[in-house]
Amino acid sequence: PRQRRPPPPAAAPPVVMLEVLRERQPWEYARPQPFYRRVDAFKEWLAEREESTVAVVGHQKYFQRLLGPDWRMANVDVVRVTFNPATGEFLGAEKVFGSTLSDPGDVPDSL
């Protein structure tokens, strides 16, 4: 008889792909309002989540818009941030893992 896979644990976190998290499109540099609306839509979505911890994967320019103009991330950086759903603000951004690669062109030839 064919074996069945066990169901995922009841507490398994959902994996959600959101269109509002897509990378900034080239035309959005000339007309940034659609990009700003997508970022605001993500904040609204996040404010409605029940989870106290959410992992988000995205691109540097998106996170720069979320965290402020002075915030920079390199490839594969991991940042811990507190989000206040009442105000829609991100507080206390802290880099918990920093990559040594700031650009794909920095990959050594030996890899």
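In what order do the elements of the protein chain run from the N terminus on? I read off α-α-α-β-β. That makes three helices and two strands. Helices (H or I, at least four residues) and strands (E, at least two) are DSSP runs, numbered from the N terminus.

I noted the ground rules. This is a predicted model, where local features need pLDDT of at least 70, side-chain atom pairs count only at pLDDT 80 or more, and totals for chains, interfaces and linings use all residues. Residues are numbered from 1 along each chain as its sequence is written, and side-chain values use heavy atoms, with hydrogens and water left out.

**Whole chain.** I looked up burial: 20% of the 111 residues in the protein chain count as buried. Buried means under 20% relative accessible area, exposed over 50%, partly exposed in between (1.4 Å probe, protein chains only).

**Helix 2.** I checked the span of helix 2 (residues 33-47). The expected span is 1.5 Å times one less than the number of residues. I listed its buried residues: Pro34, Phe35, Arg38, Val39, Phe42, Lys43 and Leu46. They pack against helix 1 (27-30), helix 3, strand 1 (78-84) and strand 2 (89-97).

**Gln64.** I found Gln64 in helix 3 (residues 60-67). Is Gln64 buried or exposed? Gln64 counts as buried because its relative accessibility is 11%. Leaving aside neighbours within four places in sequence, Gln64 is in contact (heavy atoms within 4.5 Å) with Pro69, Trp71 and Arg72.
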